[in-house]
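Please read the following note with the structure open beside it. The numbered points take up one topic at a time.

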Amino acid sequence: MIAVTDDKQISKEFFNEWIGSRGPKGWVGRYISNTGRWYTDMLIKEAGIKPDDEILDVGCGSASMIAKLLEKVDLKQPVFGVEPSEAQLELANRTLKENDLTAKVDLRQGFASPLPFEDNSFDVIYASFIIKHFTDETLDDFFKEALRVLKPGGRFLGWEFAKITNRVFKKLASNPKKAMQSFRTFADIKLVLEKTGFKNITEFEVKNRGFWDPVEDMGFKAIKADSSVQTVDSRPLIVENKADGY
Ligand SMILES: C[S@@+](CC[C@H](N)C(=O)[O-])C[C@H]1O[C@@H](n2cnc3c(N)ncnc32)[C@H](O)[C@@H]1O
């Protein structure tokens with residue numbers, strides 16, 4: 001049996017409650033869950049997505065990004081998504097059904113670690129706005145798993161809030177269930193990627209949209225080179241920049 005650490009359980013429950021509730025919280029949650037699609041063009045450009053790429057979206061939420069990706073690129077293989085929250089998966093299945101995409105997507109319920117896939121399975125793995133919910137240990141495990149399931153030459157991309165300075169967002173981020181925890185700079189992330197064994201690690205600009213504007217983001221890209229080997233212990237030392245209330 002796989003142990004699910006507290007941060008994973010807390011985060012999953014937070015999203016279930018947030019997205020699944022009937023009140024205003026639920027509406028806000030569902031709306032925010034659909035904003036991932038805004039970042040699809042950036043993903044296509046930064047990952048250099050090609051029609052025959054095999055792609056995995058980790059923490060895919062409502063699958064709004066997967067749906068947009070399939071609308072923009074005529075992918076030859078199904079896109080895979082992993083998502084722990086039942087409420088998010090329900091939204092995702094609805095999105096795919098409404099867009100007639102169910103046959104082109106394979107969604108799995110699960111966490112970023114362990115990833116339920118064989119070694120060397122994907123050309124591209126991406127993680128959109130999920131890693132702030134990870135402790136250092138969970139992040140470390142996720143990067144090791146991403147390296148394992150990427151094919152040699154595969155591209156690993158992610159983006160996330162790096163710093164919150166705006167007072168309103170700080171308040172939003174400091175929810176009592178602590179689903180939002182750690183804001184990391186590119187330098188923090190690069191250190192972990194290097195220790196995990198990724199190569200060619202670069203940063204790219206994430207242009208925020210709409211109400212996310214006051215939040216600073218960072219995007220990272222890394223390659224699994226033929227020479228990428230996993231280190232025995234790549235536990236990172238992350239300087240946490242927590243929002244008020246932690
Ligand atoms: C802010 S949402 C982003 C959803 C989607 N990636 C997007 O950009 O629209 C964060 C997602 O990460 C998922 N998540 C949280 N902890 C996770 C974990 N340990 N492994 C995988 N996904 C996780 C949540 O359930 C939620 O769906």
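1. In strand E5 (residues 150-164), arginine 155 is the bridge partner of valine 124. Strand E4 (residues 122-128) and E5 pair in the parallel sense over 6 bridges. Two strands are said to pair if DSSP finds at least two bridges between them. Helices (H or I, at least four residues) and strands (E, at least two) are DSSP runs, numbered from the N terminus. In general, strands of a sheet pair through backbone hydrogen bonds, either parallel or antiparallel.

2. The model is a predicted one: local features need pLDDT of at least 70, side-chain atom pairs count only at pLDDT 80 or more, and totals for chains, interfaces and linings use all residues. Residue numbers start from 1 along each chain as its sequence is written.

3. The sheet is open and has 7 strands, in the order E3-E2-E1-E4-E5-E7-E6, with mixed pairing. Its edge strands, E3 (105-109) and E6 (199-204), each pair on one side only. From one strand to the next, the twist averages 15°. Here axes are lines fitted to C-alpha atoms, for helices over the stretch in contact, and angles run from 0 to 180 degrees between N-to-C directions.

4. Strands E2 and E3 run parallel and are joined by 5 bridges. Valine 82 stands opposite arginine 108 in E3. Together with helix H5 (residues 86-98), E2 and E3 make a right-handed β-α-β unit. A crossover is right-handed if, with the strands pointing away from the viewer, the path from the first strand over the helix to the second runs clockwise.

5. Which strands does helix H4 (residues 64-72) lie across? They are E1 (55-58), E2 (79-83), E3 and E4, and H4 runs at about 170° to E2. Helix H8 (residues 186-196) lies across E6 and E7 (215-223), running at about 20° to E7.

6. Helix H4 also packs with helix H3 (residues 40-47), at an angle of about 65° and with the axes 9 Å apart. On the H3 side, Thr40, Leu43 and Ile44 meet Met65, Lys68, Leu69 and Lys72 in H4; residues are in contact if their C-beta atoms, placed from the backbone, lie within 7 Å. By class, this contact has 4 nonpolar, 1 polar and 2 charged residues. Ala, Val, Leu, Ile, Met, Phe, Trp, Tyr, Cys and Pro count as nonpolar, Asp, Glu, Lys and Arg as charged, and the others, Gly among them, as polar.

7. The ligand is surrounded by 23 residues, of which the closest are Gly36, Gly59, Gly61, Ala112 and Ser128. A residue is near a molecule if its C-beta atom, placed from the backbone, lies within 6 Å of it. The shell comprises 9 nonpolar, 11 polar and 3 charged residues. Helix H1 (6-20) and H4 each supply at least two residues of this shell, and the largest share, 4 residues, comes from H1.

8. Two backbone details deserve a look. The peptide bond from serine 113 to proline 114 is cis, with omega near -5°, and proline 114 is in the loop between E3 and E4. Phenylalanine 129, in the loop between E4 and helix H6 (136-149), has a positive phi of about 55° although it is not a glycine. Most residues other than glycine have a negative phi, and most peptide bonds are trans.

Terms used: Two residues are in contact if their C-beta atoms, placed from the backbone, lie within 7 Å.
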